[in-house]
Amino acid sequence: MYLRWATCPCTIRWRNHENLNLYSPLFFSLRWSKRNLPKTFYHHFILLFTMHTQKRSLLLLFVTMIFMVIRIDAAPTLDRSGWTREQLLGQDLDESGRNPSWILDFYGSDKYLKQGDKLVFKKPLTNAVIGPRISHEGLYNKGIYALNADYKDSIPESEMHLKSDVIVKVMEGTDNNALGEVRALKDVGLYIDSGLVTIDKREEPVILMKKVPGVSLQETVQFRDASSKEEVDAWIAQMEPHVQQLVASWALSDHRLLHADLNLCNIHIGGKRTQQGISFDEPITEVNLLDFGYPGIFKVSETVTKEQVQTWFKAQWKSRTYKSPKLCRIL
């Protein structure tokens, strides 16, 4: 089971300092387990209680708790192709829109996997020294980790990868969706290795992949200080032709890979860290895509044309890019 916890947007004053937005509409998807759930509830309750310690804030504490909406749903299964295609591409088949027939099945479908693709999580990764977790679990993974040491697999002629250039994705399982992600990462040149490692005394399937260079627009000081929606729209417009070029190049390659999950969290642009924070380079000319996992990656027909991909892209870009402030997770 999963617990989805939504709290009301509210603003409080923290010990006579600046106003803080507490839980402005954030959603927490928490794993329903003995290991995670009590600890997570405890932490969030302590946060609420601590920020309302003054007597004048006690009323707001109770109001906040009253407005919590607790809803229990069935856990999302790893195979939801019946509706995730519609969610990503639209409800109806439309040859001139987002859901044309030349977009085929998900990348992890049995018809696209070879026998070797089904063995990628079998071996132990004895050379992988897993470091701290840098992102909590997503919809189809248990979290993103760093490495504590540079990585080189057991093949003598293999390349040494600096730990700073590698991220480790802990998978929910080793079904076709996970196999399809490995296949996609190989096809776009981001794959390093995959197999089994021990994390918190448990054996877990993981993918080691190259870190995608760049920064997310929404983590930059320019985005934080943007004066208007029109200013943000102008930056997004600068990204569009570069993202389109990447998407089309993969779709028309021998691999016939279509990246359909075009939200801004899956786009990195050229940038750097400064004394003021993270900033992106203007004008935007360097763009990279990330997140090659289910359900955002599809196979496309061998007969699809560049014009068809470009027409689809314009519709999908308009639909899937998020222009409002949003927290991005890593992968």
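Colleague: Let's start with the overview. How many helices and strands are in the chain?

Modeller: The chain has seven helices and 17 strands. Remember that this is a predicted model. Of the 331 residues, 47% are buried.

Colleague: What share of the contacts join residues at least 24 apart?

Modeller: Take contacts between residues at least 6 apart in sequence. Of these, 69% join residues at least 24 apart.

Colleague: Now helix packing. By what are two packed helices described?

Modeller: By the angle between their axes and the distance between the axes. Here, take α6, residues 229–251, and α7, residues 306–320. They pack at about 135 degrees, and their axes are 10 Å apart.

Colleague: Are α6 and α7 parallel or oblique to each other?

Modeller: Oblique. Roughly antiparallel would need an angle over 145 degrees. The crossing of α6 and α7 is right-handed.

Colleague: Which residues in α6 and α7 meet?

Modeller: From α6, the list is I236, M239, E240, V243, Q244, V247, A248 and A251. From α7, it is V309, Q310, W312, F313, K314 and W317. By type, this contact of α6 with α7 holds ten nonpolar, two polar and two charged residues.

Colleague: Next, the backbone. What do most residues and peptide bonds look like?

Modeller: Most residues other than glycine have a negative phi, and most peptide bonds are trans. Now look at the cases here that depart from that pattern. A cis peptide bond joins E282 and P283, with omega about -5 degrees. P283 sits in the loop between β15 (277–280) and β16 (287–289).

Colleague: Where is P295, and what is the peptide bond from Y294 to P295?

Modeller: P295 is in the loop between β16 and β17 (297–300). The bond from Y294 to P295 is cis, and omega is near 10 degrees.

Colleague: Is D200 buried or exposed? And D291, buried or exposed?

Modeller: D200 is exposed, because its relative accessible area is 60%, and exposed means over 50%. D291 is buried, because its relative accessible area is 10%, and buried means under 20%.

Colleague: How do I read a polar residue in a loop? Where is N263?

Modeller: Check burial, then the side-chain partners. N263 is in the loop between β12 (257–259) and β13 (267–269). N263 is buried, with a relative accessible area of 8%. Its side chain makes a polar contact with the side chain of D261, at 3.0 Å. The N263 side chain also reaches the backbone nitrogen of C265, at 2.9 Å.

Colleague: How many residues apart along the chain are N263 and L289?

Modeller: They are 26 residues apart along the chain, and their C-alpha atoms are separated by 10.0 Å.

Technical notes: Residues are numbered from 1 along each chain as its sequence is written. This is a predicted model: local features need pLDDT of at least 70, side-chain atom pairs count only at pLDDT 80 or more; totals for chains, interfaces and linings use all residues. Side-chain values use heavy atoms; hydrogens and water are left out. Axes are lines fitted to C-alpha atoms, for helices over the stretch in contact, and angles run from 0 to 180 degrees between N-to-C directions. Helices (H or I, at least four residues) and strands (E, at least two) are DSSP runs, numbered from the N terminus. Angles under 35 degrees count as roughly parallel, over 145 as roughly antiparallel, 65 to 115 as roughly perpendicular and the rest as oblique. A crossing is left-handed if the near helix is turned anticlockwise from the far one by less than a right angle, and right-handed if clockwise. Contact means heavy atoms within 4.5 Å. Ala, Val, Leu, Ile, Met, Phe, Trp, Tyr, Cys and Pro count as nonpolar, Asp, Glu, Lys and Arg as charged, and the others, Gly among them, as polar. Buried means under 20% relative accessible area, exposed over 50%, partly exposed in between (1.4 Å probe, protein chains only). A polar contact is a pair of N or O atoms within 3.5 Å; within protein, one must be able to donate a hydrogen and the other to accept it, and residues adjacent in sequence count only if both atoms are side-chain atoms.
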